[in-house]
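Here is a short tour of one protein structure. Take a moment to look at the sequence and the 3D view before reading on.

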Amino acid sequence: MNGKVYGFPIIIFSEFYIMKYLIFFLATLPLLAQKKMKPEMTEVWEPVPAMVDPGNSSTPPSDAIVLFDGTDLSQWMSAAKGGNAEWILNGDGSMTVKRGSGIETKKEFGSVQLHIEWKTPSEVKGKGQGRGNSGVFFQKVYEVQVLDSYNNVTYSNGQAASIYKQSIPLVNASRPPGVWQTYDIIFNEPKYDSEGNRLKKGSLTVFHNGVLVQNNVEIQGTSQYIGLPRLRDIETPKKIFLQDHGNPVSYRNIWLRKI
Ligand code: MG
């Protein structure tokens with residue numbers, strides 16, 4: 001009886017040590033295996049990424065879809081009337097908003113990398129949301145705000161490079177009015193089923209003049225001037241839309257790459 005009483009803890013004690021060494025041994029196995037590996041065993045040679053000419057700061061990469069190179073508006077149409085896009089071609093590679101209608105691409109796009117350059121009027125007029133307002137909309141409903149936010153106070157989630165009324169930019173990287181600015185945007189589209197139920201939210205990453213201002217931000221829903229974001233209507237065409245907000249904002253060098 002006494003022997004069992006004293007022997008029991010000893011058995012536990014030794015088993016504990018056996019287990020301990022066993023666990024240590026098992027834990028070192030991957031390291032031993034790693035030592036036996038050769039460099040070649042973790043090299044992946046296929047697929048080979050396609051060769052792309054990246055262009056320079058003013059020309060698109062060779063695999064980009066050019067939406068506007070300054071010569072014509074053939075990729076665009078009037079969003080309100082459905083006919084020709086009527087924005088003004090300036091003859092210097094840029095176009096300017098003509099009051100009356102925004103413009104949208106003729107084609108639809110899913111997830112994309114978009115490059116776009118914009119300039120608010122050098123003659124400063126108005127304030128807040130009334131100064132140099134336009135917007136880059138993905139799938140017609142998700143707006144990255146275009147606004148003269150250089151010394152121009154407005155609500156932070158509505159300033160330049162905000163995801164309108166959803167996400168404040170990390171910093172204000174605005175250039176002065178009348179100076180060209182760039183957006184480089186990664187848009188991952190949300191996923192919907194055929195009944196209009198959202199399966200997965202989309203996201204936006206935005207560089208404003210090369211500065212990260214939206215870091216993989218989840219899109220809550222459509223950009224609403226009034227009220228909360230909504231689910232997108234799956235009947236809405238997935239076009240890029242540029243907003244006419246009554247201000248003569250200019251654009252140039254617009255291209256995208258499908259993701
Ligand atoms: Mg806007």
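## Strands, a metal site and a surface patch

Phenylalanine 138 lies opposite tyrosine 142, a residue of strand 8. Keep in mind that you are looking at a predicted model. Strand 7 (residues 134–138) and strand 8 run antiparallel and are joined by five bridges.

Five strands make up an open sheet with antiparallel pairing, in the order 2-5-14-7-8. Strand 2 (76–78) and strand 8 each have a single partner strand, so one side of each has no neighbour in the sheet.

Next comes the metal. Which residues coordinate the magnesium ion? They are Asn133 (OD1), Ser134 (O), Glu143 (OE), Gln145 (OE1) and Gln243 (OE1), at 2.2 to 2.4 Å. Along the chain, these donors follow the spacing N-S-x8-E-x1-Q-x97-Q. Glutamine 145 in strand 8 and glutamine 243, in the loop between strand 14 (241–242) and strand 15 (250–258), link distant parts of the chain, 98 residues apart.

How covered are some of the residues in this tour? Buried means under 20% relative accessible area, exposed means over 50%, and partly exposed is in between.

| Residue | Relative accessibility | Class |
|---|---|---|
| Glutamine 145 | 1% | buried |
| Glutamine 243 | 14% | buried |
| Tyrosine 155 | 31% | partly exposed |

Tyrosine 155 sits in the loop between strand 8 (142–146) and strand 9 (181–188). Together, Tyr155, Tyr225 and Ile226 make a nonpolar surface patch of about 370 Å².

Terms used: Residues are numbered from 1 along each chain as its sequence is written. This is a predicted model: local features need pLDDT of at least 70, side-chain atom pairs count only at pLDDT 80 or more; totals for chains, interfaces and linings use all residues. Side-chain values use heavy atoms; hydrogens and water are left out. Patches are made of residues with over 30% relative accessible area and no salt bridge: like charges are joined within 9 Å, nonpolar side chains (Val, Leu, Ile, Met, Phe, Trp, Tyr) within 5 Å. Accessible areas come from the Shrake-Rupley method with a 1.4 Å probe; for residues, only the protein chains shown count as cover. A salt bridge is a side-chain nitrogen of Lys or Arg within 4 Å of a carboxyl oxygen of Asp or Glu. Helices (H or I, at least four residues) and strands (E, at least two) are DSSP runs, numbered from the N terminus. Buried means under 20% relative accessible area, exposed over 50%, partly exposed in between (1.4 Å probe, protein chains only). Donors are N, O and S atoms within 2.8 Å of the metal (3.2 Å for Na, K and Ca); water is not among the atoms, so sites may look incomplete. Two strands pair if DSSP finds at least two bridges between them.
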